[in-house]
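I opened the model to look up one residue and its surroundings. After that I meant to check the chain around it.

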Amino acid sequence: TASYLDLTYINYEWPQVGKHEFFHVVQDYSQYRNKRARPSDPLIIQPQHFREGSANTVGYLTGFRNAGWGSDAMDWMVWQRAANFRNWIDIQSVDDVIRMMVATESHEPNEAFEMSYAIGSLMYEWVIGTYGREGFVKLLNQLASAPSFDVALQRSIGLTKSEFYSKSAPYVFSVFQALK
């Protein structure tokens, strides 16, 4: 966490921050462990929703003593960001979810960057819930050799990126709806 952290405003997210940040080390190790050259556009291998969202998934689901507390804290983060950025994309349908998934592949505009934490956390929670920890680890392992995130998904869980979006979107939508 930041060295300038003010203890008077620590909130529910604090227990997951260290694990979230450490998971970025895991992501980088997974991608560069074989001395892979850095791509000119790192988002090709790790789109923004994967970079920040999967770090959130791991941080929230492991940062609390009780899995329910982590799930509740993640829901709060999703609710808060959805409320703050509803003027960008207001999630009213599964199609809106897919539009946001595509938009959060990038870190621009700022709304895409901020929402990548929220929507990405749900996307990779779905991966773990559907394919288990093993499926998620297979995806991480593909970062070392896959030429794109689309190929990494195909090699690890057998879905193209668009299939992944279509299959995970109903779950993501259900969470956004429940939080309204």
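Predicted model: local features only at pLDDT ≥ 70, side-chain atom pairs only at ≥ 80, totals over all residues.

I then looked up where Ser54 lies, and its place is in helix H2. Which side chain does the side chain of Ser54 make a polar contact with? I found the side chain of Gln27, at 2.9 Å.

I listed the contacts of Ser54 next, leaving aside neighbours within four places in sequence. They are Phe23, Gln27, His49, Gly120, Tyr124 and Phe136.

I checked the length of H1, residues 14-32. At 1.5 Å a residue, its 19 residues should span 27 Å; the end C-alpha atoms are 29 Å apart, which agrees.

Last, I went over the whole chain. I count seven helices and zero strands. The radius of gyration is 16 Å, close to the 16 Å that the globule rule gives for 180 residues, so the chain is as compact as a globular protein of that length. I put the box filled by its C-alpha atoms at roughly 45 × 40 × 30 Å along the principal axes. Of the 180 residues, 43% count as buried. For contacts with a separation of 6 or more, I find that residues 24 or more positions apart account for 70%.

Conventions. Residues numbered from 1 in each chain as written. Heavy atoms only, no water. Helix = DSSP H or I, 4+ residues; strand = E, 2+ residues; numbered from the N terminus. Expected span 1.5 Å × (residues − 1). Polar contact = N/O pair within 3.5 Å; in protein donor to acceptor, adjacent residues only side chain to side chain. Contact = heavy atoms within 4.5 Å. Rg over C-alpha atoms; globule rule 2.2 N^0.38 Å. Buried < 20%, exposed > 50% of the residue type's maximum accessible area, 1.4 Å probe, protein only.
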